[in-house]
Amino acid sequence: MQNKSPLYRGFCFFWQNRFGEVHLGMLRSLPLLFLLLLSDLISAGPWVQKPSLPGPGRHRGFSFVTGNKAYVGGGWNGWTMWNDMWEYDPASNSWTQRANTPTNFYTSSGVGIGSKGYVTGGTLGAALYEYDPATNTWTAKASAPQAAFWESNAINLNNKLYMSDWNILMVYDPSVNSWQTLTPTPNQNIYGPGVSIGSFMYTVFEGGTGTVRFDPATNTYTQLASFPGESRTQASAFEAGGKIYAGCGDGVISDNIRDFWEYNPATNSWRQIDDLPGDTRENAVAFTLNGRGYLCTGTNGINHQDLWMLLPENITNVNDPDPVSISVFPNPSSGDVYFSLAALGGSETVIELYDATGQLARRERWEGEQGVLRRELLPAGMYSYTLFAGGKKYSGRIALH
């Protein structure tokens, strides 16, 4: 028999193991390009690039998923707001332009519920619009009780739209076209990217590093394991396989970042995974489609259009953070607190101090091997701190008398 190329033999092996008997006559007729593309897919890492959004590069757009398709639109490029919307079909791996949004807007949040998509918040204020893919039309629905904070995110939980606005939750029920306002316990400010898993809603990067779970059955928030990476805002998150994948954003040290992290609700733990292969960015959209997580658009001064899909089963670069202790004295203290930072090599350091309720009480930047936290107006109590330096996080607690 004539010798076959390694690519050909590899494809035959893949086909036989995945689908059964190999029909060589059929394989000989396959275009070489198809074989090359399939080979790339088989050997791909956890991130796979998909066709870019055909419209202009942008950030602060919206996305939602319904009917096994994703929709991305809105946003701006720093001086122009867009009102176009595009449909991504994973079956054909292609984009199709759909009806423009009723008005130009950005920093708005979208969510799919049933067969419809919903967009609210941002420059839309309290307005809510519903998109019907079957008729390719937009319809104004009941307005929210108040305009949501710009970094709030709409989340589908139990077929209702949940939108956090600092210390309240606004809940929209599409079956009756009405809103209600909840004040969960404890009453704390909640914002940041979020997802739903099972009967819970999770918010990550709350206050920069917080991880919070909301239980609608008891109307309560629970603080979970803090995010161990660099504190950030304007990040992105999606769910895949019952885990949360979150990253990118605007860091307290780095301007824009492209690292990605995995949160496992079963173990209440974080681990760092492979970075996003594309450029650094903030204000990208993220969504879950057919069990896969996607990230699209965003900016670092350059407005992006690229689309990336994460394959969690291909994750190889894992970093389980191992924070070390920092010398803190005096502790407890009735005045200023000093931090010995010799282990950090004198790099720029950012400290974040949180009070007993989890609220950010102070954020400061230091240079050199020693830093001082001024008591000033800090009330007595127990505080937790995080230090960020060299891309790592160091944590501990201090008591002020």
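**Figure 1. In this model, which is predicted, the count of aromatic pairs comes to 28.** One of these pairs joins Y202 and Y263, whose rings are tilted, with 6.3 Å from centre to centre and 55 degrees between the planes. Y202 belongs to strand 15 (residues 200–206) and Y263 to strand 21, so this pair ties together parts of the chain that are 61 residues apart in sequence.

Figure 2. F339 comes from strand 27 and W366 from strand 29 (residues 360–366), so the pair links parts of the chain that lie 27 residues apart in sequence. As you inspect the view, note that both F339 and W366 are buried. If you are wondering what to look for in such views, a pair of aromatic rings is described by the distance of the centres and the angle of the planes.

**Figure 3. Six aromatic residues gather in one cluster, and an arginine sits over a phenylalanine ring.** The cluster is formed by F62, F64, Y71, F105, Y131 and W138. In a separate panel, the charged end of R213 is placed over the ring of F200, at 4.9 Å from the ring centre.

Figure 4. P186 is located in the loop between strand 13 (178–182) and strand 14 (194–197).

**Figure 5. T107 and N268 have a positive phi although neither is a glycine.** Most residues other than glycine have a negative phi. T107 has a phi of about 60 degrees and is found in the loop between strand 5 (94–98) and strand 6 (109–113). At 8% relative accessibility, T107 counts as buried. N268 has a phi near 50 degrees and lies in the loop between strand 21 (257–264) and strand 22 (269–273). The relative accessible area of N268 is 31%, so this residue is partly exposed.

**Figure 6. The largest pocket holds about 830 Å³ of space.** Which residues lie nearest its centre? They are G110, N153, A154, G194 and A286, out of a lining of 38 residues. The elements giving two or more residues to this lining are strand 2 (62–66), strand 6, strand 10 (154–157), strand 14, strand 19 (236–240) and strand 23 (285–289). Rolling a probe the size of a water molecule over the atoms shows where empty space is left.

**Figure 7. S109 is a buried residue with a relative accessible area of 7%.** S109 is part of strand 6. Setting aside residues up to four places away in sequence, S109 touches F62, Y118, V119, T120, S152, N153, A154 and M163. With S152, a residue 43 positions away along the chain, the C-alpha to C-alpha separation of S109 is 7.5 Å.

**Figure 8. G242 sits in the loop between strand 19 and strand 20 (243–251).** G242 is partly exposed, at 28% relative accessible area. Leaving out residues up to four places away in sequence, G242 touches I197 and P265. G242 and G291 are 49 residues apart in sequence, and their C-alpha atoms are 9.1 Å apart in space.

**Figure 9. The protein chain as a whole contains 3 helices and 32 strands.** Among contacts between residues at least 6 apart in sequence, 49% join residues at least 24 apart. The protein chain exposes about 17500 Å², and carbon and sulfur atoms supply 50% of that area.

Methods:
Residues numbered from 1 in each chain as written. Predicted model: local features only at pLDDT ≥ 70, side-chain atom pairs only at ≥ 80, totals over all residues. Heavy atoms only, no water. Helix = DSSP H or I, 4+ residues; strand = E, 2+ residues; numbered from the N terminus. Contact = heavy atoms within 4.5 Å. Areas by Shrake-Rupley, 256 points an atom, 1.4 Å probe, with all protein chains shown as cover. Buried < 20%, exposed > 50% of the residue type's maximum accessible area, 1.4 Å probe, protein only. Phe/Tyr/Trp six-rings, centres within 6.5 Å; stacked < 30°, edge-to-face > 60°. Lys NZ or Arg CZ within 6 Å of the ring centre and 35° of its normal. 1 Å grid on protein atoms, 1.4 Å probe; cavity = no way out; pocket = protein on both sides within 12 Å on 5 of 7 lines; lining within 4 Å. Points joined across faces, edges and corners; volume = space filled by probe spheres on them.
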